[in-house]
2 protein chains.
Amino acid sequence: MNAGPTRVLELLRDANGPCSGERLSQALGVSRAQVWKHVESLRKRGYEVDGTPGGGYRLAGSPDRLYPEEIQSGLGTRWLARELHHFDSTDSTNRVALELARAGAPHGATVVAEHQDAGRGRLGRSFFSPAHVNLYSSTVLRPELTTDRAPTLILAAAVAVAETVAATVTDGSRVEIKWPNDVQIAGRKTSGILVELAAEATRVSHAVLGIGVNLNVDPKTFPDEFRGRATSLCAHTDGPVDRAAFARALYTHLEDALDRHAAGGFAALRGEFEARFCMTGRDVTVVETGGAEQSGRVKGIAEDGALLLESEAGSVVRVVAGDVTLKKGETP
Amino acid sequence: MNAGPTRVLELLRDANGPCSGERLSQALGVSRAQVWKHVESLRKRGYEVDGTPGGGYRLAGSPDRLYPEEIQSGLGTRWLARELHHFDSTDSTNRVALELARAGAPHGATVVAEHQDAGRGRLGRSFFSPAHVNLYSSTVLRPELTTDRAPTLILAAAVAVAETVAATVTDGSRVEIKWPNDVQIAGRKTSGILVELAAEATRVSHAVLGIGVNLNVDPKTFPDEFRGRATSLCAHTDGPVDRAAFARALYTHLEDALDRHAAGGFAALRGEFEARFCMTGRDVTVVETGGAEQSGRVKGIAEDGALLLESEAGSVVRVVAGDVTLKKGETP
């Protein structure tokens, strides 16, 4: 949105009640006709602005959209999502962010979309991305990182997502992390995290951290393969989740987690990760990147973020990346 | 080049002497006027084709260019450089190949250029890329590889480059590898290798393997900072290097090295690497990715391609990636 309408929106928000056209005209240094045009722009974008001759303008409602002017209003981050690109629909926010990164976008530049028609998940899977109910967000990162440390970005992000989700649920449900990247509410998946990166040999040039969170999905609309395994945050809150407010809270937690990760690596977040980690003691099968399969009982998480599995023979193996299946017959 | 002129070129090459317009016309199933047009296309591309009325056409000379029809003529690879894109000039063959990879180019698709005006070297450095004298080549790879193994692609490529260079020198000079990626003739650098990759967390989606080799550089034209440290293959051969033939030999060695790397990892190439490795016993300083500095005496190369350094106190440290400086006062 242009600067004029954005400024009018800010003034109407601050006024928290009617605001005369005269006052807006003076504050912006433009004519009252121009103020009216800005108000019309806001209305076209979905803002409800009441206006009565003599009574001035009043902000009566904001659209349920992840517009920059919604997310950034009151956003306290220093670098994350200070540059924010909104799409009604795109193929994949990660793809767009990777393109922005190649074009030189700064650390923290973020892409949000209302809908993805080719949302990407881990291991080449697609990510269920219905319109106007969730958050699909991808952030450009320019970390000082070697490629072998890059997977721990996922763990840092999982901590931030889990904390944001936990601060939003109101029914006391357990919020847990399934290694490496699923955040679950009461045992059902509510978010996915995907890191894609470009590197020169071992040096990460840039990474894109994609986060998708199910916020207001009608459970009936989940595809068959997810039903019973997926959930949406609104099933554990009083009424629908304010998506822009959720994004704001997430970006705040995420900036903090990434700053600590940059300073101290995964070790700086390991305590929080473990506090939300739901797999210790569980029997699992892991298909590692490359196809090798490991089975064992989860012992915990290593300093470097690897999953520690104890085999039946008692030896402990490290799994750096892979797809984990909890053995059946157990409830989470 | 189009199919018609390419086919005429093949027939003239096979004829190894004059070939009548009539025969070419029959072989291609086109008119003699069309044959003449194809011959004109070849001449425009730099091929010398003698033609006398009644005497037919004869290939008298080929241009010193890295054209696909030059490199691929007699190329025995199965997958490497079967798709080959030639540029008179480009910014960086690695950049072009990365773009091709994103657009879906197959494993082995290769970009060659006569000149790069923004040639990329390791660690963000530029790569000296004068026109028409060297080989600048970048190949798209779609390896089954985790990011932590990706740096060993550089070592596999270094083996292939070193073998190709060694098979070309005629003055008996030593051809050695300076870890990780420089091939040296008599102690002077003659090639550079750069791997750039795209990954999802730990899984490499695609990589681009860039190789630049100094073949026919006039030593006087080396920039000041390289003089005394760089050399060109032609300083160790009888006359100029046939660049297309060198590319063909390199691609053959490279396909073999990469196939063995895919099957057995760096371990499958370690013997050859060590046989050309010039650093054992040398005192070096390594600036690692991330900035940490290690000093010590080189003990050798680990199974996974890491450089092994022995500190003064006698402990052995592994260096996975970094920039190596040989301590001064020693001759290589």
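Chain A can be laid on chain B with an RMSD of 0.0 Å by a turn of 180 degrees and a shift of 0.0 Å along the axis, the superposition being by least squares on the C-alpha atoms of residues with pLDDT of at least 70 in both copies. The two copies are thus related as by a two-fold rotation axis. This is a predicted model, in which local features need pLDDT of at least 70 and side-chain atom pairs count only at pLDDT 80 or more, while totals for chains, interfaces and linings use all residues. Residues are numbered from 1 along each chain as its sequence is written, and chains are lettered from A and ligands numbered from 1 in the order in which they are written.

**The axis and the contact between the chains**

- In chain A, the C-alpha nearest the axis belongs to Ala198(A), at 2.2 Å from it, and the same surface serves both copies, since 100% of the contact residues of chain A recur in chain B.
- The contact takes 22 residues from chain A and 22 residues from chain B, two residues being in contact if their C-beta atoms, placed from the backbone, lie within 7 Å.
- On the side of chain A that touches chain B, helix H6 (151-168) and strand S8 (188-200) of chain A each supply at least two residues, and S8(A) gives the largest share, seven residues; helices (H or I, at least four residues) and strands (E, at least two) are DSSP runs, numbered from the N terminus.
- That side of chain A has eleven nonpolar, five polar and six charged residues, where Ala, Val, Leu, Ile, Met, Phe, Trp, Tyr, Cys and Pro count as nonpolar, Asp, Glu, Lys and Arg as charged, and the others, Gly among them, as polar.
- S8(A) and strand S8 of chain B run antiparallel and are joined by five bridges, strands being paired if DSSP finds at least two bridges between them; Ala198(A) has Ala198(B) as its bridge partner in S8(B).

**Domains of chain A**

- Chain A is divided into domain 1 (3-61), domain 2 (68-276) and domain 3 (283-326), with bounds that come from an automatic or database domain assignment.
- The C-alpha centres of domain 2 and domain 3 of chain A lie 24 Å apart, and eleven residues of domain 2 are in contact with ten residues of domain 3.
- On the side of domain 2 of chain A that touches domain 3, H6 and helix H8 (270-276) of chain A each supply at least two residues, and by class this side has seven nonpolar, one polar and three charged residues.
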